[in-house]
There are 2 protein chains.
Amino acid sequence: MNEIHERFLKRCIELSKQAAAQGNHPFGALLVRDGKIVLEAENTVNSEVDITGHAELNLVRRAIRELGEAVVKECTLYTSTEPCAMCSGAIYWAGVPKVVFACSAKRLGEIAGESLLFPCREVFARGVRSVEVNGPILEDAAAEVHAGFW
Amino acid sequence: MNEIHERFLKRCIELSKQAAAQGNHPFGALLVRDGKIVLEAENTVNSEVDITGHAELNLVRRAIRELGEAVVKECTLYTSTEPCAMCSGAIYWAGVPKVVFACSAKRLGEIAGESLLFPCREVFARGVRSVEVNGPILEDAAAEVHAGFW
């Protein structure tokens, strides 16, 4: 299972580097359905002057509009770094059932400085429907991108 | 102090009714600087097919773009209902220093059915900068709008 996860997380890490190359923060996320990537998103906080433009929030916002709720409910969300409280909320509201992340929020805090440190499992634990979470996986590779950026 | 709060919260409740009249969920929020309203927003989840289109998230997204971070840091955010985890995260990232709400998340849950029940103070408590929170204030008036909707 981790091999499949690693394949998609590597793509998220690529997206996170791409985001940084665009002048944004290094975060990338994607949705997988039936083993295939159906949507990708990057952080756009700087390029779109949008404080809410985190990769995961951008992803689920577009997913509901472009793919529809029924499809989103069958997807797994992969992300280069554990979703923050804002993004975890957005993921919950969108109905995404599974989340897999590479770098943990804790590790990001150690590198970038602590800010709003909130393990996503704690947000999902307050929901009435369950969100399955896997991670950290490939944490060192994802953390390396942060170490080079912040 | 509560008189001033009540004046702005009443406007939030008006905005929440306006949102419902537009086919959206009944939530409204606004930003106040130096005793004056500088920006208002409503829930746009249905009208814009945007799962992230909560009033507070819409408000801070526009505020950073239209007013700038320096102004947002001097504002108080008023909202008809306590911000959810997603919106609390967005409020934190935007740098808003004060939040005042009418209906509590708990009361909303009792009316609309529990979902992602998260007192905003618990989200803000994880941040490195403090966010002052006041509420519930005028809870019955705000709850009445929910009781008529859900």
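Start with helix α1 of chain A, residues 2–21: its 20 residues reach 28 Å from the first C-alpha to the last, close to the 28 Å expected at 1.5 Å a residue. (The expected span is 1.5 Å times one less than the number of residues; helices are DSSP runs of H or I with at least four residues, strands are runs of E with at least two, and both are numbered from the N terminus.) Keep in mind that this is a predicted model, where local features need pLDDT of at least 70 and side-chain atom pairs count only at pLDDT 80 or more, while totals for chains, interfaces and linings use all residues. Residues are numbered from 1 along each chain as its sequence is written, and chains are lettered from A and ligands numbered from 1 in the order in which they are written.

So which residues of α1(A) are buried? They are F8(A), L9(A), C12(A), I13(A), L15(A), S16(A) and A19(A). Buried means that 20 or more other C-beta atoms lie within 10 Å of the residue's own; 12 or fewer makes it exposed, anything in between is partly exposed, and the C-beta atoms are placed from the backbone.

What do the buried residues of α1(A) pack against? Their partners in chain A are the strands β1 (28–33), β2 (36–42), β3 (76–81) and β4 (98–103), plus helix α7 (139–147). Contact here means C-beta atoms, placed from the backbone, within 7 Å of each other. Just past the end of α1(A), G23(A) takes a positive phi of about 90°.

Now hop over to chain B and look at its α1 (residues 2–21) and α7 (residues 139–147). Their axes come within 10 Å and cross at roughly 0°, and that makes α1(B) roughly parallel to α7(B). Axes are lines fitted to C-alpha atoms, for helices over the stretch in contact, with angles from 0 to 180 degrees between N-to-C directions; under 35 degrees counts as roughly parallel, over 145 as roughly antiparallel, 65 to 115 as roughly perpendicular and the rest as oblique. I13(B), S16(B) and K17(B) from α1(B) meet A141(B), A142(B) and V145(B) from α7(B). By class, that contact has 4 nonpolar, 1 polar and 1 charged residues. (Ala, Val, Leu, Ile, Met, Phe, Trp, Tyr, Cys and Pro count as nonpolar, Asp, Glu, Lys and Arg as charged, and the others, Gly among them, as polar.)

The two chains also touch each other: 27 residues of chain B are in contact with 27 residues of chain A. On the chain B side, α2 (55–66) and α4 (85–94) each supply at least two residues, with α4(B) giving the most, 8 residues. That side divides into 17 nonpolar, 5 polar and 5 charged residues.

Most residues other than glycine have a negative phi, and most peptide bonds are trans. In chain A, a cis peptide bond joins G135(A) and P136(A), with omega about 0°, and P136(A) sits in the loop between β5 (132–134) and α7. In chain B, the bond from G135(B) to P136(B) is cis too, with omega near 0°. L138(B), in the loop between β5 and α7 of chain B, has a positive phi near 60° and is buried, with 20 other C-beta atoms within 10 Å. D34(B) has a positive phi near 50° and lies in the loop between β1 and β2 of chain B, but D34(B) counts as exposed, with 7 C-beta neighbours inside 10 Å.
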